[in-house]
Structures are given as C-alpha cells and as structure tokens.
Amino acid sequence: MKSLGETPNPLSPRQAQILCLLAHGYRLGEVALHLGISDSAVNLYLSNTRQKFGMKTNEQCLALAVHNGWLKQNCLSRSLDKAR
C-alpha cells in the first residue's frame, strides 16, 4: 500500500537497473558489459532518464531515485560482482 506522499516509480526496469549499477560504482562501460548492451545504449538510457527528470547529471538522477525509493532495496544493499 502506498503512503499518501509516495511518488510512483517513473523508471523503466532497465533505467532502474542501470542506476543501480552506477550506485554500486560501475562505470558506463562496465554497465554495458554487465548488461550485454552497447555503451551507446547505456548512454541513451541515461540521457532519457536525465531528460525525464530535468536533470543535468547521472548523479542527480541517482540521488533522486534513491531519495524517492525508486530503486529496489536489494539493489542498494546487496553486493554485486563487478566484471573487471
């Protein structure tokens, strides 16, 4: 059940996935490699996310998503294996 002030999650599953990986310290190329998509696809997802929120940086989008609880709790608490 939603609380009165809760904002619905506007992120697509892929946008949330990418922001989650960024939250864990992945660089853009590592995100692409981990998800099996191109670097340009990652950049496009992030560009669309910045545009959706009217933000200038990926970090601003990430902060907004964390603040509003749009990233799943296990995204922020679990340890992900980095592909290095």
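Biologist: Leu 64: buried or exposed, or partly exposed?
Modeller: Leu 64 is partly exposed, at a relative accessible area of 22%. Buried means under 20%, exposed means over 50%, and partly exposed lies in between, using a 1.4 Å probe and protein chains only. This is a predicted model, where local features need pLDDT of at least 70, side-chain atom pairs need 80 or more, and totals for chains, interfaces and linings use all residues. Residues are numbered from 1 along each chain as its sequence is written, and side-chain values use heavy atoms, without hydrogens or water.

Biologist: Where does Leu 64 sit?
Modeller: Leu 64 is in helix H4, residues 58–67. Helices here are DSSP runs (H or I, at least four residues; strands are E, at least two), numbered from the N terminus.

Biologist: What is Leu 64 in contact with, leaving aside neighbours within four places in sequence?
Modeller: Phe 53, Met 55 and Trp 70. Contact means heavy atoms within 4.5 Å. Phe 53 is 11 residues from Leu 64 along the chain, and their C-alpha atoms are 8.7 Å apart.

Biologist: Which residues of H4 are buried?
Modeller: Asn 58, Cys 61, Leu 62 and Ala 65. They span an arc of only 100 degrees around the axis, so they lie on the same side of H4. The arc is taken from the directions from the helix axis to the C-beta atoms.

Biologist: What do those buried residues pack against?
Modeller: Helix H1 (13–23), H2 and H3.

Biologist: And which exposed residues are on the face turned away?
Modeller: Glu 59 and His 67. After H4 comes Gly 69, with a positive phi near 75 degrees.

Biologist: New topic. At what angle do H2 and H3 pack?
Modeller: About 110 degrees, with the axes 8 Å apart. H2 is residues 28–35 and H3 is residues 39–53. The two are therefore roughly perpendicular.

Biologist: Which residues make that contact?
Modeller: From H2, Leu 28, Gly 29, Val 31 and Ala 32. From H3, Asp 39, Val 42, Asn 43 and Leu 46.

Biologist: What counts as roughly perpendicular?
Modeller: An angle of 65 to 115 degrees; under 35 is roughly parallel, over 145 roughly antiparallel, and the rest oblique. Angles run from 0 to 180 degrees between N-to-C directions, with axes fitted to C-alpha atoms over the stretch in contact.

Biologist: Where is confidence lowest and highest?
Modeller: Lowest in helix H5 (residues 73–77), at a mean of 68, and highest in H3, at 97. That score is pLDDT, the predictor's confidence in each residue, from 0 to 100. Over residues 79–84 the pLDDT is below 50. Where pLDDT is low, predicted coordinates should not be read in detail.
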